[in-house]
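Here is a short briefing on one protein structure. Look at the chain first, then read the points below.

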Amino acid sequence: MREFNLLADYPKLSNPRYVGPNIRTIKNKILASYRDKDYYDGERNSGYGGFKYDGRWQKVVDSIYEEYGLNRNSVVLQIGCEKGFLLHDFHKRCSEMKIRGLEMSDYAINNSMPSIRNCIKKGTYEKLSFGDNEFDFVIAIGVIYPLTLRDAISCLKEIQRVGKGKSFITLGAYEDEEGFKLFRHWSVLGCTILHVDEWVEVLKHAGYTGDYYFHTSKTLNLVWKDG
């Protein structure tokens, strides 16, 4: 198990993300919970504010190839693949590679990249409908902390089961109470937001041995705004 920033080549946000009592309200979180057009292509406070492909995952794919020793014979799974932007860049890099995506949102699947749409199946994340040791690499970005703690543990165990030991996940976390307040107000889907040390205990309990990275108020550049 290793804390590792696989997303170092993902574009950095230079401007702050503002959060506060009147930004991303419970009404926004209700809309986001359906994971449909409002979440992906609605207004920014309810989710992405327009979720479109722009090639930003290409450098991350290159990093994954190098870090995990993937090749055209590798089998890769992305849990929570949404519209398939990362999978598309995997396919673009090597069309011979076998890629699979799992997504719970009908809207995301129906609006996914045509190049990889037939590689995506619908399902939940706490029980994966794949065989043991089926994948050379498993990736789950922003997938685990929107689950309940029980389902998060189940998901971690399933990642361990279907993979061969090489995996990467991100976790919503905080380091102090200010960080918790900022993250809680920012996240429209966050359910299990834990202290970084608590997450480590959860990972150990689940028997997770792959790589992980914490999304915190600092990494997300969150700033409090009153009014």
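Helices (H or I, at least four residues) and strands (E, at least two) are DSSP runs, numbered from the N terminus. The model is predicted: local features need pLDDT of at least 70, side-chain atom pairs count only at pLDDT 80 or more, and totals for chains, interfaces and linings use all residues. Residues are numbered from 1 along each chain as its sequence is written, and side-chain values use heavy atoms, with hydrogens and water left out.

**Two nonpolar cores**

- A nonpolar core is a set of buried Ala, Val, Leu, Ile, Met, Phe, Trp, Tyr and Cys residues joined through side-chain atoms within 4.5 Å.
- Buried means under 20% relative accessible area, exposed means over 50%, and partly exposed is in between (1.4 Å probe, protein chains only).
- The largest nonpolar core holds 40 residues. Those with the most contacts inside it are Ile79, Ile144, Leu156, Ile159, Ile169, Leu171 and Trp199.
- Elements that give two or more residues to this core include strand 3, strand 6 (137–140), helix 6 (149–162) and strand 7 (167–174). Helix 7 (177–186), helix 8 (196–206) and strand 9 (211–215) are also among them.
- Helix 6 supplies the largest share of this core, six residues.
- Contact means heavy atoms within 4.5 Å. Not counting residues up to four places away in sequence, Ile144 touches Ala152, Cys155, Leu156, Ile159, Ile169, Leu171 and Trp199.

**Ser74 and Tyr68**

- Ser74 sits in the loop between helix 3 (58–68) and strand 3 (75–79). Ser74 is buried, because its relative accessible area is 5%.
- A polar contact is a pair of N or O atoms within 3.5 Å. Within protein, one atom must be able to donate a hydrogen and the other to accept it, and residues adjacent in sequence count only if both atoms are side-chain atoms.
- The side chain of Ser74 reaches the backbone nitrogen of Asn71 at 2.9 Å.
- Leaving aside neighbours within four places in sequence, Ser74 contacts Met97, Lys98 and Asp136.
- Tyr68 is in helix 3. Tyr68 is also buried, with a relative accessible area of 5%.
- Which side chain does the side chain of Tyr68 meet in a polar contact? The partner is the side chain of Asp211, at 2.6 Å.
- Tyr68 and Ser167 are 99 residues apart in sequence, and 8.7 Å apart in space, C-alpha to C-alpha.
- With neighbours within four places in sequence left aside, the contacts of Tyr68 include Arg2, Phe4, Leu6 and Phe137.

**Salt bridges**

- Side chains of opposite charge can pair when their charged atoms come close.
- A salt bridge is a side-chain nitrogen of Lys or Arg within 4 Å of a carboxyl oxygen of Asp or Glu. By this rule the count is twelve salt bridges.
- Arg72 and Glu96 form one through their side chains (3.6 Å, N to O). Arg72 is in the loop between helix 3 and strand 3, and Glu96 is in the loop between helix 4 (85–93) and strand 4 (98–103), so the pair ties together parts that are 24 residues apart in sequence.
- Glu96 is exposed, with a relative accessible area of 52%.
- Lys164 and Asp136 also meet in a salt bridge between their side chains (3.2 Å, N to O). Lys164 is in the loop between helix 6 and strand 7, and Asp136 is in the loop between strand 5 (120–122) and strand 6, so this pair ties together parts that are 28 residues apart in sequence.
- The side chains of Lys181 and Glu178 form a salt bridge too (3.7 Å, N to O). Both residues lie in helix 7, three residues apart, about one turn of the helix.
- Lys181 is partly exposed at 29% relative accessibility, and Glu178 is partly exposed at 40%.
- Salt bridges that share partners join Arg2, Glu67 and Asp211 into one network.

**Positive phi**

- Most residues other than glycine have a negative phi.
- Glu82 has a positive phi, near 55°. Glu82 lies in the loop between strand 3 and helix 4, and is buried at 15% relative accessibility.
- Asn133 has a positive phi of about 55° and is not a glycine. Asn133 lies in the loop between strand 5 and strand 6, and is partly exposed at 47% relative accessibility.
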